[in-house]
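Thanks, everyone. I'll take the helix pairs, then the sheet, then the ligand. Please have a look at the model first.

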Amino acid sequence: MKTVTIKQLEIGVGAPKIIVPIVGKTQAELIEEVQFLQSIDFDVLEWRVDHFNQVDDIQAVKQVAKKIVDLLPNKPLLFTFRTINEGGVKPWALSSYIQLNKEMACSGLVDLIDVEVFIGDDYVKDIIDVAHKNQVFVIASNHDFEKTPPKNDIVNRLRKMQDLGADIPKIAVMPKTTDDVLTLLAATTEMNEKYAIKPIITMSMAGLGAISRIAGSTFGSAMTFGAAKNASAPGQLDVNQLRYILEALHQNNKLTQ
Ligand SMILES: O=C1C[C@@](O)(C(=O)O)C[C@@H](O)[C@@H]1O
């Protein structure tokens, strides 16, 4: 697995890294979530800004981002506007999505941004270009809340993200059967072993897929999402339990290799 280093965090080395989302609607709720996280052991903070009720006001977004950074200065901050098509909560317009991501990439406040790969190749490339010019990393993403696509589709989507220049390709899919969970894990292994030049993130959602959220050191997902106060997607495990399990599995993998 290749690695990416952000604020001294080596992604792709050791146990999978934990991303914790915050989903507050107001500045006060967000600050409360971040303060709570000050005493929690995790690796990357994700601000799911689609939940924020002032997301249309870029100055308000920057102001809150600054407060978050001041409260957690050493944690990489991932900025994510999840569109309603892929599990987000706010109606959106492509032009504002692009502008928001570009402005935040230039703000000096965030370390990573999430860009949905299916907004259009040229838009994705353009946002990635702006991010990279500002030393901001990009997670390209795709979410299917309805189903688990066939293995080849999953692999091809991850490859497309990588080809468009993303630093970390990510996919989340919904299982209906245990075979679906196996499909996601098989796609993860294939991507890693045959094509990946970057660390990848994969998960099968909901309770049925929760096993995929702890299985990264075996199948090759370099990061996983855990919940602190509030989950942002179905199946996320509690962050403390997640850290314990990931470390235990990683140690065991090393001993038996
Ligand atoms: O892309 C993802 C993954 C996710 O949907 C999950 O299933 O854990 C949670 C989201 O907050 C994040 O942006």
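**Helix pairs, sheet and ligand shell**

H1 and H2 are roughly parallel to each other, a label for angles under 35 degrees; over 145 is roughly antiparallel, 65 to 115 roughly perpendicular, and the rest oblique. Before I go on, two housekeeping points. Numbering starts from 1 along each chain as its sequence is written. This is a predicted model, where local features need pLDDT of at least 70, side-chain atom pairs count only at pLDDT 80 or more, and totals for chains, interfaces and linings use all residues.

Two packed helices are described by the angle between their axes and the distance between the axes. For helix H1 (residues 27-37) and helix H2 (residues 58-71), the axes cross at roughly 15° and come within 10 Å. Helices here are DSSP runs of H or I, at least four residues; strands are E, at least two; both are numbered from the N terminus. Axes are lines fitted to C-alpha atoms, for helices over the stretch in contact, and angles run from 0 to 180 degrees between N-to-C directions.

Who touches whom? From H1, Gln 27, Leu 30, Ile 31, Val 34 and Gln 35 meet Val 64, Lys 67, Ile 68 and Leu 71 of H2. Contact means C-beta atoms, placed from the backbone, within 7 Å. By class, that contact has six nonpolar, two polar and one charged residues. Nonpolar covers Ala, Val, Leu, Ile, Met, Phe, Trp, Tyr, Cys and Pro; charged is Asp, Glu, Lys and Arg; the others, Gly among them, are polar.

Next pair. Helix H5 (residues 151-163) packs on helix H6 (residues 178-195) at about 45°, axes 9 Å apart. H5 and H6 are therefore oblique to each other. Their contact has eight nonpolar, one polar and three charged residues.

Now the sheet. It is open, with nine strands in the order E9-E8-E7-E6-E5-E4-E3-E10-E11 and parallel pairing. Pairing takes at least two DSSP bridges between two strands. H6 lies across E8 and E9, at about 170° to E9.

Which residue of E6 is the bridge partner of Phe 79? Ile 113. Strand E5 (residues 77-80) and strand E6 (residues 112-116) run parallel, joined by two bridges.

Last, the ligand. 17 residues surround the ligand, the closest being Pro 21, Ala 172, Phe 225, Ser 232 and Ala 233. Near means a C-beta atom, placed from the backbone, within 6 Å. Strands E4 (44-48), E7 (137-144) and E8 (168-173) each give two or more residues to this shell. By class, the shell has six nonpolar, six polar and five charged residues.

Terms used: Two residues are in contact if their C-beta atoms, placed from the backbone, lie within 7 Å.
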